[in-house]
Amino acid sequence: MTEIVALARRKKWPFSSRSSVAQLLLAFGLLSSGSVLAHGGGPVPSASRLAKACLSAALDAINRRAEDVLIAPHMQDLSGTALRLEEVGNGARAIQLSLGRRYGAGYFGSVYRIESHVGDIQVPAGFDGALAAKFPHSERYLGTTLQYASRENASEYRNYRMILGRVPDIEASAHYPRNPPWPRGGIPVIPIFDRITTARETILIKPAIENALSLKQLARKYGSLDERGRFIFNPPARLRESLREIHAFVQAVADAVPSQKKLFSPLFGAGYHADIRQPNLMWIEDPEMLRRLGYDPGRPTFILAELSQVPANYPMYRADITSADQYEEGLLDYLEREIGK
Ligand SMILES: Nc1ncnc2c1ncn2[C@@H]1O[C@H](COP(=O)(O)OP(=O)(O)O)[C@@H](O)[C@H]1O
Ligand SMILES: [Mg+2]
C-alpha cells in the first residue's frame, strides 16, 4: 500500500504572488494555445491552407512550450501520495485517497489512478474497474491550488451534468451520428462519477481509462516516417469513423445545448461549442475497457477526456469552420509531430 506522506494537504494561500504569476502565465498559455485557433481551421476560413498550417504549427509550438516550461516543472505531482479530503457541505464526507501513478496532465489539472480509498465515493452500480481522480494543479513549492483551475473542475462537473440532461435533444439533432458505439443515453466523454468539494479545491472522480493509446502511441502503432521523412499513417478504418462520430456529436451538442458563455452569442450563435482539440482525445481498443464503459467491445473508439467549452465559445469545431475532413487532417498533423518528438 502507498505510504501516507501527506494526510492533510496544506491550506490554500490566496495572496501568494507566485500563485498569481503562475495563474497569469497559465491563462496566457491557454489563450495562446491551439484551443483558440487549432488545426484545420482558423479565424479566417478563407485563409490559404499553407498559412493556416503555419499558424497552427506556431500556436501548437507555443502551446507545447507553455506546457513544458510553465506547467510541467512548476506544478505538484501527487503520484504516490495519500490524502485526506474533508468535504464541505454534501453530507460532509471524509475520504482518504491513496494515489498511484499520474495518467496525464493538462492545463488545469492532473489525473491520477486511485490505488485505494476509504470513505464513500459514488460509483454506478456494476462498475468494476479502477478509479481516477482529477485534481486542479497546485504550485510545486508553496502547494497553493490554482483557484481558477479548481473552478474549471467545478464547471466541468456542472457542464457534464447539464449536457447529460440534454441528451434527448442532442440525439434529436440532424447532425447526431448514426449508430454511435457509446451507450444509448450517453455521451463520448469519460464519465464523472463523483465530485468532492473541499475548502481548498474541487476534485473529480472518474473511471480510470486503462490501456488507452496516447496520441504518441497511436502515431507509433499505425504510423511511420518514410525515407523522405513523410508521415505515413495506416490506421484501422474504425479510427476515421470514430473521429467523424466525435465531430458529428459536437455539432449535435451545439444544436441542442445553450452556451454557458453568452457574451459572444450574438456573434457566434447560442450553441455550446465543445473543445475537442487533439490532447483531449484518447483512443481505446481494449475490449475489456470498452465493456467497462458500456461501449460496444467490438468497436474501438475515441473518447474525450472532458467536454469543456472552447474559450470565448468560439465555434472552432463547427463544420463550416473546421469540417470533418479538416479535423482529421488536424489529427494527422498532430500525430506527425508526436512521432517526430
Ligand atoms: N479518467 C482518466 N483515465 C486515464 N487518463 C486520463 C483520464 N482523464 C484524463 N486522463 C489523461 O490526463 C490528461 C489530462 O486530463 P484532462 O481532463 O484533459 O485535464 P485538463 O483539464 O487539465 O486538460 C488527458 O489528456 C488524458 O491523457
Ligand atoms: Mg484536457
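# Reading a predicted model together

Modeller: Welcome! The model above is predicted, and its protein chain has an average pLDDT of 85, with 82% of the residues at 70 or higher.

Biologist: Thanks! Over which residues does pLDDT stay under 50?

Modeller: Look at residues 1-45, where pLDDT stays under 50. The model has 98 contacts beyond four places in sequence for these residues.

Biologist: Let's move to the ligand. How many residues surround ligand 1, and which are the closest?

Modeller: Ligand 1 is surrounded by 19 residues, and Tyr103, Gly104, Gly106, Ile209 and Ala305 are the closest. Three strands, β2 (94-105), β3 (109-118) and β4 (131-136), are the elements that each give two or more residues to this shell.

Biologist: Which element gives the largest share of the shell?

Modeller: That is β2, which supplies three residues.

Biologist: And what classes of residue does the shell around ligand 1 have?

Modeller: Sorted by class, the shell has 12 nonpolar residues, four polar ones and three charged ones.

Biologist: Now helices, please. How are two packed helices described?

Modeller: The general idea is to give the angle between their axes and the distance between those axes. For a case here, take α5 (residues 215-222) and α9 (residues 324-340): their axes come within 8 Å and cross at roughly 85°.

Biologist: What does that angle make α5 and α9 to each other, roughly parallel or roughly perpendicular?

Modeller: Angles of 65 to 115 degrees count as roughly perpendicular, so α5 and α9 are roughly perpendicular to each other.

Biologist: Which residues meet where α5 and α9 come together?

Modeller: On the α5 side you will find Leu215, Lys216, Leu218, Ala219 and Arg220, and they meet Tyr334, Leu335, Glu338 and Ile339 of α9. By class, this contact has six nonpolar residues, three charged ones and no polar ones.

Biologist: Let's finish with the backbone. What is the phi of Asn179?

Modeller: Asn179 is not a glycine, yet its phi is positive, at about 50°. You can find Asn179 in the loop between α4 (167-172) and β5 (194-197).

Biologist: Is Asn179 buried or exposed, and why?

Modeller: We count the other C-beta atoms within 10 Å, and 12 or fewer makes a residue exposed. Asn179 has 8, so Asn179 is exposed.

Biologist: What about Asn211: what is its phi, and where does it lie?

Modeller: Asn211 also is not a glycine and has a positive phi, of about 65°. Asn211 lies in the loop between β6 (202-207) and α5. Asn211 counts as exposed because it has 10 C-beta neighbours inside 10 Å.

Notes. Residues are numbered from 1 along each chain as its sequence is written. Chains are lettered from A and ligands numbered from 1 in the order in which they are written. This is a predicted model: local features need pLDDT of at least 70, side-chain atom pairs count only at pLDDT 80 or more; totals for chains, interfaces and linings use all residues. pLDDT is the predictor's confidence in each residue, from 0 to 100. Two residues are in contact if their C-beta atoms, placed from the backbone, lie within 7 Å. A residue is near a molecule or strand if its C-beta atom, placed from the backbone, lies within 6 Å of it. Helices (H or I, at least four residues) and strands (E, at least two) are DSSP runs, numbered from the N terminus. Ala, Val, Leu, Ile, Met, Phe, Trp, Tyr, Cys and Pro count as nonpolar, Asp, Glu, Lys and Arg as charged, and the others, Gly among them, as polar. Axes are lines fitted to C-alpha atoms, for helices over the stretch in contact, and angles run from 0 to 180 degrees between N-to-C directions. Angles under 35 degrees count as roughly parallel, over 145 as roughly antiparallel, 65 to 115 as roughly perpendicular and the rest as oblique. A residue is buried if 20 or more other C-beta atoms lie within 10 Å of its own, exposed if 12 or fewer, and partly exposed in between; C-beta atoms are placed from the backbone.
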